[in-house]
Amino acid sequence: MTVISGATSGVSAVTSASTSLDTETLIANAVAVREVASDTIELKITAAETKVSAYEELEALLLTLSDAADALRNPASLTETDAFEDRSVSLTATGSSDATDIMGASVSANAEVASYSIVVEQIATAHKIAADSTSSRADALTLEGTFTLAAGDHGVVSIDVTSDMSLDEVAEAINAESDDTGVTASVLKLSDDSYMLILTASDTNATISLSDTGGTVLESLGLVTASGEIGNELQSAQAAILSVDGMSVTRSTNEIDDLIDNVTIYLYAGDEDTTITLDIGADLSGINTSISDFVDAYNAVRDFILTQQEVSSDGEAADTAVLYGDALIRSLSNDLSSLLSSSAGDDSVVLATIGITLDAENKLTIDSTVLADALASDLDTVQALFRFEAETSSSKLAVIDSGSDGGSGDFTLDITVDTDGNIVSAGIGGDTSLFNVSGNRVEGAEGTEYEGIVFAYIGAESASIDVSITRGIAQKLSDIIVDYAGTYSGADGSRVTTQVDSLNDSISDMETEVSNIQQRTEDYRAWLTEYYARIEAQINAASRLREQLAVLLADDDD
């Protein structure tokens, strides 16, 4: 009986051990512990990617500001856009007609500021002749022959007419050759039974010449007389005649683009009793718009900086301030603040002088009245405040590139030329290490205050030339942006790019680490799965043994 009692206890132990295991939960819990490290790194990756996005947003804002600055910072020889070189044109009339009824005008950048007094005596007209009227435009004319046709300097072309051709078909035959002849044809309907062929020269001040060379088609149509003269002249060919500041001007066209450089004049009507004053001036409206765009672009950058400095109610960085405490942001903010308080040459002229001031958030505001007055009364001061200016005492030396954060001020550039006319050196005060020479170009040496400035010298002899360089606020801002964000032509080496590259490298390293952790975790999961499978197999074996023992014990009881 003692044996039986012991055996019963053993059965109980086996029964307890054979309880089913939740292996999936056991494996999931074990793996989850390993995945914590991966999740922590994933959070760091997300934070780094958010910073990359913020830096890229900053870069885009700075490049937009750079574009706005470009329109204000340099002469057209140095940049493609320059609001101060753009021109506007106005027309005022004294006399019996409105100016816009007589003429129009357009102007392109770099036109000289000037005023002209113009009287349009007559406009250029195109030669126009007509045939006699016929009763139908569609019926056959029963005319047969060949005639030649041309206008002005265009080539003479022969037109063949057959007896079955209608007035419309004759017009079509003429128009088929209009590119060569300079003459177009149309059929004018005078009434239901009266139609007239009209020939018009394509160019003004070009006389139509035509003659029958086989048959009498032109004479029969009434375009020429029996003697070969034009039959019906509706409008003669004439040149445009106008007086400009008392001087007579003649042109063959009403669109005149070779009278005043960078100005095109359009003539609409002649009126000898009306004098038109054509004024060419700076495009003040365009400059105003460019300055407003500059302020808006600057304020967009400032808004971004303010967002990165925001704190929540608990004094911690706000969720939107992903670059909170960032050294680059602090540096940029300081550089921009210093810039806005700077001047260009004349220390008495700053942004506030033209109505641009800072508000409580250090964003720019414009007093439109003060700015408009400054533009109208002292444009040179506004221009000097914003842009890069370079003056040389010799027309043989020109600045062709302002560089980035290059030197400013007054200095004398000494250029040495050999007997063959080649530049061998250039320097200031005997220091030739400040500049490098390449052909006829003198370039500021890297690492010097003149780095990036490029001169072109076309002289054949050595010379000492006085140079005066002023870097206005828009130019200085452009220099700052090149440092922080580069330019659209390339941002390599800029401070933002360096930060982004560093973050991307870190992200790449962390992604590799996550991948390795995940691989090790999967290997661990596979090992655990196999491990618990072995345990379950052992439990199952024990369970079968228990069942067998139970049967044996039951038999002993019997």
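View 1. Glu530 is partly exposed because its relative accessibility is 48% (buried means under 20% relative accessible area, exposed over 50%, and partly exposed in between, with a 1.4 Å probe and protein chains only). Arg534 also counts as partly exposed, at 41% relative accessibility. The side chains of Glu530 and Arg534 meet in a salt bridge, 3.6 Å from N to O (a salt bridge is a side-chain nitrogen of Lys or Arg within 4 Å of a carboxyl oxygen of Asp or Glu). Why are Glu530 and Arg534 separated by about one helical turn? Because they sit four residues apart in helix H12 (helices are DSSP runs of H or I with at least four residues, strands are runs of E with at least two, and both are numbered from the N terminus).

A quick note on what you're looking at: this is a predicted model, in which local features need pLDDT of at least 70 and side-chain atom pairs count only at pLDDT 80 or more, while totals for chains, interfaces and linings use all residues. Residues are numbered from 1 along each chain as its sequence is written, and side-chain values use heavy atoms, with hydrogens and water left out.

**View 2. Arg495 and Asp483 bridge helices H12 and H11.** Here the side chains of Arg495 and Asp483 form a salt bridge at 3.8 Å, N to O. This pair ties together distant parts of the chain, with Arg495 in helix H12 and Asp483 in helix H11, twelve residues apart. Arg495 has a relative accessible area of 30%, so it is partly exposed. Asp483 is partly exposed too, at 37%.

**View 3. Arg387 belongs to a network of salt bridges.** Which residues are linked in this network of salt bridges? They are Asp82, Glu85, Arg87, Arg387 and Glu389. Zoom in on Glu389 and Arg387, and you'll find their side chains meeting at 3.1 Å, N to O. Arg387 is buried, because its relative accessible area is 4%.

View 4. Setting aside residues up to four places away in sequence, Leu332 touches Leu58, Leu62, Val301, Ile305, Ile480 and Tyr484 (contact means heavy atoms within 4.5 Å).

View 5. Is Phe294 buried or exposed? With a relative accessibility of 1%, Phe294 counts as buried. Not counting residues up to four places away in sequence, its contacts are Leu65, Ala68, Ala69, Leu72, Leu364, Phe386, Ile473 and Leu477. Ser395 is 101 residues from Phe294 along the chain, and their C-alpha atoms are separated by 33 Å.

**View 6. Thr125 sits in the loop between strands S3 (114-122) and S4 (126-130).** Thr125 counts as buried because its relative accessibility is 13%. Beyond its neighbours within four places in sequence, Thr125 is in contact with Thr204, Asn205, Gln235, Ser236, Ala237 and Gln238. How far is the backbone oxygen of Ser236 from a polar atom of the side chain of Thr125? The distance is 2.8 Å. Tyr55, on the other hand, is 70 residues from Thr125 in sequence and 63 Å away in space, C-alpha to C-alpha.

**View 7. Asn205 and Asn262 have positive phi values.** Asn205 has a phi of about 60° although it is not a glycine. Its place is in the loop between strand S8 (194-204) and strand S9 (208-214), and at 30% relative accessible area Asn205 is partly exposed. For Asn262, phi is near 65°. Asn262 is found in the loop between strand S13 (255-260) and strand S14 (263-267), and it is partly exposed at 37%.

Terms used:
A polar contact is a pair of N or O atoms within 3.5 Å; within protein, one must be able to donate a hydrogen and the other to accept it, and residues adjacent in sequence count only if both atoms are side-chain atoms.
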